[in-house]
Amino acid sequence: MELYLDLRSQPCRSVFMFARAAGIPFEFKLIDLAAGQQYSEEFGKISSVKKVPVMKDGDFILTESIAILKYLAQKHSVADHWYPADLQQRARVNEYLSWQHMNTRAHGSKVFLMKIMYPVVMDSDAPKDKMDAAMEDLNQSLNTLEGMFLQNKPFILGDKISLADLVAIVEIMQPVGAGMDVFVSRPKLAAWRDRVKKTVGEKLFDEAHETIMKVQSLPEQMKGNPHLEMMKPRFRKMLS
């Protein structure tokens, strides 16, 4: 099995950490998003949507991280807590996975884009009102994560880690990598992060997030990048 990934990407990190933590063998295929490798003719033969992650299991190709995570959990003999067989427990995991797209993912990504990509695309720092609005949206999502999903449990599902925790943590680490440490004023969330890190293994967690924790140097790296002009219209639409 091949996984096409760039660990700057949150969904890629969730797939990477799950496969490694669950002991699922795979070959890591790097697709450097900053270098525009997702637009290459070679990668286009793997995935017409030209996004990562992508899983290639023999002749079977699958896109979308949530679909990949569920496929891996159901194909391989992983511990039940990742994606429980119990109908209601599995529904709770699916509930978070459905909710997060327009909440922790959307809002964490917006903060990241405002902090890191806005200066690259717009040649100036993000306006304070836009940055403040993005942070307010993210804080509302984190309030819901703490109050509705996590509550007073060790993990989202209960006593054991699940796919929901992995998908949640990678999204929250995105703005952290951009210099916005949202855990500072949230001890409950910080304690949950530490439990996730300990459970998957600190070495694996740090390996998965090593690139994103250095991402503040990305604007400098992208200067003169021939693919930047191609990406600017998409980023301008996202940042408007």
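What share of the 240 residues in the protein do buried residues make up? Buried residues make up 49% of them, where buried means under 20% relative accessible area, exposed over 50%, and partly exposed in between (1.4 Å probe, protein chains only).

## Basis of the model

This is a predicted model, in which local features need pLDDT of at least 70 and side-chain atom pairs count only at pLDDT 80 or more, while totals for chains, interfaces and linings use all residues. Residues are numbered from 1 along each chain as its sequence is written, and side-chain values use heavy atoms, with hydrogens and water left out.

## Overall dimensions

The protein has eleven helices and four strands; helices (H or I, at least four residues) and strands (E, at least two) are DSSP runs, numbered from the N terminus. Along its principal axes the C-alpha trace spans about 50 × 45 × 30 Å. The radius of gyration is 18 Å, which agrees with the value near 18 Å that a compact globule of 240 residues would have. This radius is taken over C-alpha atoms, and the globule rule is 2.2 Å times the number of residues to the power 0.38.

The protein exposes about 11,700 Å², and carbon and sulfur atoms supply 50% of that area. Accessible areas come from the Shrake-Rupley method with a 1.4 Å probe; for residues, only the protein chains shown count as cover. Among contacts (heavy atoms within 4.5 Å) between residues at least 6 apart in sequence, 71% join residues at least 24 apart.

## The sheet and its helices

Four strands form an open sheet with mixed pairing, in the order 2-1-3-4. Strand 2 (27–30) and strand 4 (60–63) each have a single partner strand, so these two stand at the edges and one side of each is left without a neighbour in the sheet. Neighbouring strands are turned by 20 degrees against each other on average, direction ignored. Two strands count as paired if DSSP finds at least two bridges between them. Strand 1 (residues 2–5) pairs with strand 2 in the parallel sense over four bridges, and L5 has L30 in strand 2 as its bridge partner.

Two helices that pack on this sheet can be described by their directions. Helix 1 (residues 10–21) touches strand 1 and strand 2, and its direction makes about 145 degrees with that of strand 1. Helix 3 (residues 65–75) packs on the sheet through strand 3 (54–57) and strand 4, with its direction at about 130 degrees to that of strand 4. Axes are lines fitted to C-alpha atoms, for helices over the stretch in contact, and angles run from 0 to 180 degrees between N-to-C directions.

The loop between helix 2 (41–46) and strand 3 contains S47. S47 is buried, with a relative accessible area of 2%, and touches V54 and T63, not counting residues up to four places away in sequence. K50 lies in this loop too; K50 has a positive phi of about 55 degrees although it is not a glycine, and counts as partly exposed at 34% relative accessibility. P53 is also placed in the loop between helix 2 and strand 3, and the peptide bond from V52 to P53 is cis, with omega near 5 degrees.

E64 is found in the loop between strand 4 and helix 3. Its phi is positive, about 75 degrees, although E64 is not a glycine. At 52% relative accessibility, E64 counts as exposed.

Q100 lies in the loop between helix 4 (87–99) and helix 5 (104–122). At 2% relative accessibility, Q100 counts as buried. Leaving out residues up to four places away in sequence, Q100 touches I66, R105, A106, V167 and E171.

Helix 5 has a kink of about 45 degrees at I116, shortly before the proline P119. The bend at a residue is the angle between axes fitted to the seven residues ending there and the seven starting there. Just after helix 5, D123 takes a positive phi of about 60 degrees.

## M173 in helix 7

M173 lies in helix 7 (residues 163–177) and is buried, with a relative accessible area of 7%. Not counting residues up to four places away in sequence, M173 touches R13, F183, F205, H209, I212 and M213. M173 and R193 are 20 residues apart in sequence and 9.5 Å apart in space, C-alpha to C-alpha.
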